[in-house]
Amino acid sequence: WGAMQRLESRMLKSGVTVANPAEWPIVEGVPAWFDIIWSNLLANSLDHAGPNARIELGWEKLPTGYRFWLRDSGPGVPEKKAASLFYPLDRLSELNAPRGLGLPIVRRLVEAQGGQCGYERASSGSGTFYFTLPLTELSSLT
């Protein structure tokens, strides 16, 4: 919720709507890191989805953990760039390009908690950013 609050004014200015699930699972991890993960994913979507986009947040339970995701109505990431999304400074050769540190930070914080992250391109052209977290003693109670 902290990520949503910090980015609220940007969302309002760009006309973005955000859909959230009614409930979220309880998972173990570092709360400040979860805040950074969601902040970076949301900011990335705000930067690239375009005005009046729709952002959808969600989760699903997997046999070995949880999968959290963000999808938006933007154009998605070109297939040739998708493989390097979570690696730092992949755009240094492009003049005035963003330096691309948000998604590498997401990857590092997710992996430090035993999870993985990635991007899936949809047939419609848009895409879904996701991260997984393993089941733990606390999360298996929910």
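Start at Gly118: its bridge partner in strand 5 is Tyr130. This is a predicted model.

**The hairpin.** Now select residues 116–121, which are strand 4, and residues 127–134, which are strand 5. The two strands run antiparallel and are joined by six bridges. Move to the turn. Five residues lie between the strands of this hairpin. Among them, pick Gly125: its phi is positive, near 105°.

**Charges over rings.** Arg67 lies over the face of Tyr130, at 4.3 Å from the ring centre. Next, select Arg71 and Trp69. Here the charged end of Arg71 sits over the Trp69 ring, 3.9 Å from its centre.

**The aromatic rings.** A pair of aromatic rings is described by the distance of the centres and the angle of the planes. With ring centres within 6.5 Å as the cut-off, the count is seven aromatic pairs. Show Trp24 and Phe68. Their ring centres are 6.2 Å apart and their planes meet at 20°, so this pair is stacked; the cut-off for stacking is under 30 degrees. The pair links distant parts of the chain, 44 residues apart. Trp24 is in the loop between strand 1 (17–19) and helix 2 (31–48). Phe68 belongs to strand 3 (residues 65–72).

Phe68 is buried, with a relative accessible area of 5%. Trp24 counts as partly exposed, at 29% relative accessibility.

**Last stop.** Select Trp24, Trp38, Trp59, Tyr66, Phe68 and Phe131 together: they form one aromatic cluster.

Definitions and conventions: Residues are numbered from 1 along each chain as its sequence is written. This is a predicted model: local features need pLDDT of at least 70, side-chain atom pairs count only at pLDDT 80 or more; totals for chains, interfaces and linings use all residues. Side-chain values use heavy atoms; hydrogens and water are left out. Two strands pair if DSSP finds at least two bridges between them. Helices (H or I, at least four residues) and strands (E, at least two) are DSSP runs, numbered from the N terminus. Rings of Phe, Tyr and Trp (its six-membered ring) pair if their centres lie within 6.5 Å; planes under 30 degrees apart count as stacked, over 60 as edge-to-face and the rest as tilted. Buried means under 20% relative accessible area, exposed over 50%, partly exposed in between (1.4 Å probe, protein chains only). A charge sits over a ring if NZ of Lys or CZ of Arg is within 6 Å of the ring centre and within 35 degrees of the ring normal.
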